[in-house]
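Here's a quick tour of a protein model for you to follow along with. Keep the picture open as you read, and try to find each spot as it comes up.

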Protein chains: 2
Amino acid sequence: MLSDRFRTAVEERIVGRSPELFREDATFRSPVVFKPYEGRAAMLVILGAVLQLFDDFHYTDQVETGDVAALAFSTRVGDREVNGIDFLHFDADGRVRELAVYIRPMSALSTLAEEMKRKLEEAGAI
Amino acid sequence: MLSDRFRTAVEERIVGRSPELFREDATFRSPVVFKPYEGRAAMLVILGAVLQLFDDFHYTDQVETGDVAALAFSTRVGDREVNGIDFLHFDADGRVRELAVYIRPMSALSTLAEEMKRKLEEAGAI
């Protein structure tokens, strides 16, 4: 499937160092804020940072039709169980042109938002 | 696709009155709380209530592999734009055995949680 390369890069925790998977003008839609992040550089910083917050990360389902895919995952942030979806659109060359991430439940999303803010501030990214 | 019947029932706003789409022991995983709701009766009440809160609801993507499907939607709750995913598992007879709903961004999820609480209290459901 088109989404296999992305899946493997996340599972091996190298997705933040895998620019070849993404279009340069790729869009990242965060679970937290509405406004999208534009560009591969922002995508890689965010993915690299968020994976550091996730413990016991594993994908549970992978579905794909045409150039669209959804990967469901389970993980923990601190002591909170988290379920999530990576929703992906690919271009004709099989590169990610859009990634939207969804998180449930609300308490986990809130914890993730706080931790991400701290992490990106530490990194001087925001 | 297996998910076509569910999709049509939501689009026609009759999913809350379509028990035949669901197993009697179906599980609903809310975007708000971690603990699942067990049973078709709860599923139908919640789906019927939440659709009343959504304006301009439309599906934007539908992906399916085997007995698993993801439907992406866009809608509004009040004046907030909402993106969401219905993530579905089907049984061998094509009935929904699990539905998990994911909402982004966080502000929209928070508004939805408040509105749902009010609606279910009014209905005497909680």
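Where is Arg95(B) found? Look in the loop between S5 and strand S6 (96-104) of chain B. Before going further, note that this is a predicted model, where local features need pLDDT of at least 70, side-chain atom pairs count only at pLDDT 80 or more, and totals for chains, interfaces and linings use all residues. Residues are numbered from 1 along each chain as its sequence is written, chains are lettered from A and ligands numbered from 1 in the order in which they are written, and side-chain values use heavy atoms, with hydrogens and water left out.

**Two copies**

**Where the chains meet**

- Chain A puts 32 residues into the contact and chain B puts in 32 residues, with contact meaning heavy atoms within 4.5 Å.
- About 2,600 Å² is buried between chain A and chain B, and carbon and sulfur atoms give 68% of that. Buried area here is the accessible area (1.4 Å probe) that two parts lose on being put together, summed over both.
- Phe34(A), Tyr102(A) and Arg104(A) supply 29% of the area that chain A buries against chain B, more than any other three residues.
- How many salt bridges does the rule find across the interface of chain A and chain B? It finds zero, counting a side-chain nitrogen of Lys or Arg within 4 Å of a carboxyl oxygen of Asp or Glu.
- The rule does find 14 residue pairs in polar contact across the interface (both at pLDDT 80 or more). A polar contact is a pair of N or O atoms within 3.5 Å; within protein, one must be able to donate a hydrogen and the other to accept it, and residues adjacent in sequence count only if both atoms are side-chain atoms.
- On chain A, at least two residues each come from strand S3 (55-65), strand S4 (68-77), strand S5 (80-90), strand S6 (96-104) and helix H3 (106-122). These elements are DSSP runs numbered from the N terminus: helices are H or I with at least four residues, strands E with at least two.
- S5(A) gives the most to this side of chain A, with six residues.

- Ile85(B) sits in strand S5 of chain B and is buried, with a relative accessible area of 0%. Buried means under 20%, exposed over 50%, and partly exposed in between (1.4 Å probe, protein chains only).
- Leaving aside neighbours within four places in sequence, Ile85(B) is in contact with residues of both chains, including Phe87(A), Tyr102(A), Ala70(B) and Phe73(B).
- Glu98(A) belongs to strand S6 of chain A, and is buried at a relative accessible area of 18%.
- The side chain of Glu98(A) makes a polar contact with the side chain of Arg29(A) (3.0 Å).

**Salt bridges**

- Over all chains, the rule counts 20 salt bridges.
- In chain B, Glu11(B) and Arg7(B) join their side chains in one of them (2.9 Å, N to O). The two are four residues apart in helix H1 (residues 4-11), so about one helical turn separates them.
- Arg23(B) pairs with Asp25(B) in a salt bridge (2.8 Å, N to O). Arg23(B) is partly exposed at 25% relative accessibility, and Asp25(B) is partly exposed at 46%.
- Arg23(B) also meets Asp91(B) in a salt bridge (2.9 Å, N to O). This pair links distant parts of the chain, 68 residues apart: Asp91(B) is in the loop between S5 and S6, and Arg23(B) is in strand S1 (residues 22-29).
- Asp91(B) is buried, with a relative accessible area of 10%.
- In chain A, a network of salt bridges links Arg23(A), Asp25(A), Asp91(A), Asp93(A) and Arg95(A).

**Back to the loop**

- Arg95(B) is partly exposed, with a relative accessible area of 28%.
- Not counting residues up to four places away in sequence, Arg95(B) touches Glu20(B), Leu21(B), Phe22(B), Arg23(B), His89(B) and Phe90(B).
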